[in-house]
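Please open the model in your viewer and keep the selection tool at hand. The tour below goes from stop to stop, saying what to select and what is found there.

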Amino acid sequence: MTASTTQLVKRKPESEGLLNEKWDHCLANLLVKSTLGAGFGIIFSVLLFRRRAWPAWVGVGFGAGRGYAECDREFKGAAGGVSRAVGERLKRD
Amino acid sequence: MLRFSSPASARVISPSRRSIVSRHQHHWLKLQQTQHQQQRFLANTKIPRPSTKAEWSIGDASPPVLPDRASPATPAKPPAAAASSVSPALKITTIPITPSSTPPTQIPLTTPSPTKAQTSPPIPTPKVPPPATASTGSSAPPLPPSPVSSPVTLPKQPKKTHRFRNFVVGLAFLTGLSFAGGVFYSLKSDNFHDFFTEYIPFGEEAVLYFEEREFRRRFPNALSRVAPPPIDSPKVVIPKASGATWKVFEPAGDKKVTDVGKHGPHISSRGTVEQEKERASAIDASVSSGIGAAKVGVVEKPGKPKTPTVQIALIDMKDVEDPVVRDLAKVVNSIIALVNKSESPNVFDSVIATAKSELSHLNSQIASIKQGLERTVKEKDLEFTTAAQGLLKNVDNEITNIEHKWREEFENERDKMAQSYREKLHTELQRSGEVAEHRLRNELLEQAIAMKKKWIREIEGRVESERNGRLGKLKELSGFIEELTKLSTAWTDILDANLKAQQMHVALEAVRAAYESPEQPKPFLRELAALKEVADDDEVVRAAIASINPLAYQKGVSTPTQLIDRFRRVSDEVRKASLLPEDAGVAGHAASWVLSKVLFRKKGLAQGDDVESILTRTETYLEEGDIDNAAREMNQLSGWARVLAKDWLKEARLLLEVQQAVGVIAAEARLQSLRVHKP
């Protein structure tokens, strides 16, 4: 009986864990994206820019920026699904 | 000649190759010339050229002949087989060889006189076929010289006597002989037979005749079967007028011959009167003649015995009874009359006397026979009558016997019938008696029933009359008893209701124990079902159960302690998101998380609508055990905080629902138990 409930719990995450999960996702995404960007930057620096450091940093920046944007979007839409503008309009009505 | 012939042959071979042809022509010409030379040489040397020459000569017949006449004769000669093939030219060629090997130089001499040479060969060829000569080897050799000798001997001409006659005779003889030979051979050989009958005039007839003769000799009776010779038997001629006819007899003398040419009804309708008259007269004549004849017969018959002669007495006809004898006597009498008429009746006296005596004897004999016959007839008659009488008697006896028998049988049958009818009648009587008895019994029963009813009515009447007495008291007693039973039933109802209430209480307790037990979550579906069953058709209970979320009793609800435990976790999370602005991004979240750590904690029932104060209030309520209020506080949250607390709220609500429903049901049960005491 308990096993089945735990399974149920596992299947459907508890509401209090929602934010934490999102944070996990975001961080992982950020890490992956920034590493990818760094990798591209290093390759470019090796191939085109005679092993300069700045292309690698630029790549990291691009990757991190991309991850951040995605995270932001996720957090913004998740709470009530209602943006500020829409909320205001609803209040007026 | 050579020039003309050669191109033709060349053209035949191949018309297209001109150059080759011309060359070939040239070559061929040369060859021919050489051959001619050779031929000439051969002719001179008289050596027979073999088949090559012969073939060549056949290939184009005319060219080689021209140079000199000797050449064709010599080459054709050598093949012995060629003799079999029929050709006049070859025939000639053989001749010079066989009689004498005359040098070829001599032959040219004979040829200039061609008339004989040409005329003579054609004659023997059709008449004398070469196979015949070959087969009749012995006869052939002497024959050829005769026609051939003529050309040979022609040039000599020493004697002219009977030359033509000899020739004709020889020819005839030869043809006859060859024909005979041909016929003979055709009888032997089928092939030759065909040839002979086909090409030789009169050959078929001759051969046929011989064949026929042979056939007749071998099978003398063969043809008799095919056509049997006519048998010489006397002819039987049936005259035309024989047999019976419908025609009225007409004497042959006046045979009526109708003249068609005469004027009559068949020509025109006029002048028929004459015809009629004529015909009528003819008929009259015939009739009169017939009648006349009859009259004559009639007259003569009585006449004859009435004219007795003087000399010879007529036969007395009185005692003659037999008609045959009478006729005979008549005949004799007529003869006697004739004799009497004649000159010398005495001559026949003796004869007539004997005749008379014979006649009388005959008469007497016939009479005796008749008597004998009559006697036998009478005897037979008697016999038959007796036999008939015996038979009749027998028949009568039989009839009487049968009659007796039948009568007896009839009597028996009648008796039997009577008996059977009597039996039937008896049974019928019995049955009718039974039926009548039954009816009577029924009637009796009916009467008995009627009497019983009457009696009962009387008794009832009496009982009614006595009811006011003892029976009235009894009625009172029964009424008491009825009241008692009613009371008892009412009490049983109350007892039942009590029992039900009790059961409900028990079931309720079971449900409460199930959802309040510390081993949660645990479904209490069975307990609830039992409660529903016990509550039967209580509207309130049913409504209360329906208000519970199915999830609650399917999965169970968490206990208050579990809720408090979970609230601690939830409150931490909610606090993290407590400072979030609306529509916050990553930065907002991060800020809220960081800043939430440094917030001061409140205590007790804090005032304010912010997240922190709500959480504090909830916590306090929970500590007090007021889940209902705690849930109400949590419900005030909004945004991310509400989202995070959603699950906890749901759980709390489930528990609250169940608690409410159970409370309602408990109240109801209590009400019921209270209601029981009323009646």
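At 34% relative accessibility, does Asp628(B) count as buried, partly exposed or exposed? Asp628(B) counts as partly exposed at that value, where buried means under 20% relative accessible area, exposed means over 50%, and partly exposed is what falls in between, with a 1.4 Å probe and protein chains only.

Before going further, please note that this is a predicted model, in which local features need pLDDT of at least 70 and side-chain atom pairs count only at pLDDT 80 or more, while totals for chains, interfaces and linings use all residues. Residues are numbered from 1 along each chain as its sequence is written, chains are lettered from A and ligands numbered from 1 in the order in which they are written, and side-chain values use heavy atoms, with hydrogens and water left out.

Arg632(B) is exposed, with a relative accessible area of 52%.

Next select Arg216(B) and Glu212(B), whose side chains meet in a salt bridge at 3.9 Å, N to O. Because they are 4 residues apart in helix H13 (residues 203-218) of chain B, about one helical turn separates them. Arg216(B) is partly exposed at 48%, and Glu212(B) is partly exposed at 39%.

A further pair to select is Lys602(B) and Asp610(B), joined by a salt bridge of 3.8 Å, N to O. Lys602(B) has a relative accessible area of 34% and is partly exposed, and Asp610(B), at 36%, is partly exposed as well. Over all chains the structure holds 16 salt bridges, and a network of them links Glu16(A), Arg566(B), Asp647(B) and Glu651(B).

**The disulfide in chain A**

Now select Cys26(A) and Cys71(A), which form a disulfide with their sulfur atoms 1.8 Å apart, the term standing for a pair of cysteine sulfur atoms within 2.5 Å. This pair links distant parts of the chain, with Cys26(A) in helix H2 (residues 18-47) of chain A and Cys71(A) in helix H3 (residues 54-78) of chain A, 45 residues apart. Both Cys26(A) and Cys71(A) are buried, and a search of the whole structure finds 1 disulfide over all chains.

**Annotated spans**

Select residues 30-49 of chain A, which an unreviewed UniProt entry annotates as "transmembrane region"; UniProt positions are given in the numbering used here, feature names are shortened, and annotations may be inferred rather than shown by experiment. The span is 90% helix and 0% strand, with its end C-alpha atoms 26 Å apart. In chain B, UniProt places the feature "transmembrane region" (unreviewed entry) at residues 167-187, a span that is 100% helix and 0% strand and whose end C-alpha atoms lie 30 Å apart.

**Aromatic rings**

Finally, select Phe179(B), Tyr185(B), Phe192(B), Phe195(B), Phe196(B) and Tyr199(B), which ring pairs link into a cluster; rings of Phe, Tyr and Trp (its six-membered ring) pair if their centres lie within 6.5 Å, and planes under 30 degrees apart count as stacked, over 60 as edge-to-face and the rest as tilted.

Terms used:
Helix = DSSP H or I, 4+ residues; strand = E, 2+ residues; numbered from the N terminus. Salt bridge = Lys/Arg side-chain N within 4 Å of Asp/Glu carboxyl O.
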